Amino acid sequence: AMIAKMRNMGEACTAANRFLVHTDVAEEFSGRLAERMGALTVGRGTEAGIDVGPLVDAPSQAKVSELVDDAVQAGAKVLAGGSTVGEQGYFYAPTVLTDVPASARLLSEEIFGPVAPVTTFSTDDEALALANAGEYGLVAYAYTRDLTRAVRVAERLDTGMVGLNQGIVSNPAA
């Protein structure tokens, strides 16, 4: 999940934009993700020990802030991050949101930043409906121990690429 979200600080077209997590594991998943995201060090990428650098420019930082603020105002809960970092630069804290309502813009718009909104599902049909509801379908990631389920879900995803049990779909060696 971290690799799928945080590739290039979330500023990648293949970065996971939404996390659909089964209700049975959502609380544990969200807590662990928030712990890992919250432990990342934000700062200038040229300095030692930095995990997360700045966003590309001020408009990008403003859009990420706007999308997170919109979700929180609609009822989402912040488990980690949720704000800009520092007085200078275009830094945004790695963020995990839960209880994100369907009306939140970040579920339908590309975030292009270090923000992981978590929504839940109870059945595969519900998850697939949520996954396929978005306008953009470049890539989806599915994690399961059941190979039959993985193939069934992958075949029903309306997306260009599917990463099964991995957070990176593109490979320069390919």
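## A loop residue to start with

Asp 99 sits in the loop that joins strand S3 (95-98) to strand S4. Keep in mind as you explore that this is a predicted model. Although Asp 99 is not a glycine, its phi is positive, at about 50 degrees. To see what makes that worth a look, remember that most residues other than glycine have a negative phi. Is Asp 99 buried or partly exposed? Its relative accessibility is 47%, so Asp 99 counts as partly exposed.

Asn 165 is not a glycine either, and its phi is positive at about 55 degrees. You will find Asn 165 in the segment that follows strand S6 (161-164). With a relative accessible area of 46%, Asn 165 is partly exposed.

## The nonpolar cores

Now turn to the inside of the model. The largest nonpolar core has 16 residues, and the members that touch the most others are Phe 19, Met 37, Val 96 and Ala 116. Which elements supply at least two residues each to this core? They are helix H1 (2-6), strand S1 (19-22), helix H2 (26-38), strand S4 (115-121) and strand S5 (139-142). H2 gives the largest share, with four residues. Apart from this core lies another one, made of 14 residues, including Ala 76, Leu 97, Leu 106 and Ile 111.

Leaving out residues up to four places away in sequence, Val 96 touches Ser 30, Leu 33, Ala 34, Met 37, Lys 77, Val 78, Leu 79, Ala 80, Ala 116 and Val 118.

## A pair of aromatic rings

A pair of aromatic rings is described by the distance of the centres and the angle of the planes. How many aromatic pairs does the model have? The count comes to one. Phe 19 and Phe 29 form this pair, with 6.1 Å from centre to centre and 40 degrees between the planes, which makes it tilted. Phe 19 belongs to strand S1 and Phe 29 to helix H2, so the pair ties together parts that are 10 residues apart in sequence.

The two partners can also be described by their accessibility. Phe 19 has 8% relative accessibility and so counts as buried. Phe 29, at 25%, counts as partly exposed, because buried means under 20%.

## The largest pocket

Rolling a probe the size of a water molecule over the atoms shows where empty space is left. In this model, the largest pocket has a volume of about 1,500 Å³. Which of its 49 lining residues are the closest to its centre? They are Arg 18, Phe 19, Leu 20, Tyr 141 and Ala 142.

Two or more lining residues come from each of H1, S1, H2, helix H4 (124-132), S5 and helix H5 (147-156). Sorted by class, the lining has 28 nonpolar, 10 polar and 11 charged residues.

## Residues and their contacts

Lys 5 is found in helix H1. Is Lys 5 buried or exposed? At 1% relative accessibility, Lys 5 counts as buried. Setting aside neighbours within four places in sequence, its contacts include Gly 10, Asn 17, Phe 19, Met 37, Pro 114 and Ala 116. Lys 63, by contrast, is partly exposed, with a relative accessible area of 32%. Lys 63 has its place in helix H3 (residues 58-73), and it touches Glu 109 and Glu 110, not counting residues up to four places away in sequence. Its C-alpha atom is 9.0 Å from that of Gly 113, which is 50 residues away along the chain.

Thr 119 lies in strand S4 and, at 11% relative accessibility, counts as buried. Beyond residues up to four places away in sequence, Thr 119 touches Phe 19, Leu 20, Val 21, Val 100 and Leu 107. Thr 23 is in the loop between S1 and H2, and at 39% relative accessibility it counts as partly exposed. Its contacts, apart from neighbours within four places in sequence, are Thr 120, Phe 121 and Ser 122.

Methods
Residues are numbered from 1 along each chain as its sequence is written. This is a predicted model: local features need pLDDT of at least 70, side-chain atom pairs count only at pLDDT 80 or more; totals for chains, interfaces and linings use all residues. Side-chain values use heavy atoms; hydrogens and water are left out. A nonpolar core is a set of buried Ala, Val, Leu, Ile, Met, Phe, Trp, Tyr and Cys residues joined through side-chain atoms within 4.5 Å. Buried means under 20% relative accessible area, exposed over 50%, partly exposed in between (1.4 Å probe, protein chains only). Contact means heavy atoms within 4.5 Å. Rings of Phe, Tyr and Trp (its six-membered ring) pair if their centres lie within 6.5 Å; planes under 30 degrees apart count as stacked, over 60 as edge-to-face and the rest as tilted. On a 1 Å grid over the protein atoms alone, a cavity is a set of points where a 1.4 Å probe fits but cannot get out, and a pocket is an open set with protein on both sides within 12 Å along at least five of seven lines; lining residues have an atom within 4 Å of a point. Grid points are joined across faces, edges and corners, and a volume is the space filled by probe spheres set on the points. Ala, Val, Leu, Ile, Met, Phe, Trp, Tyr, Cys and Pro count as nonpolar, Asp, Glu, Lys and Arg as charged, and the others, Gly among them, as polar.
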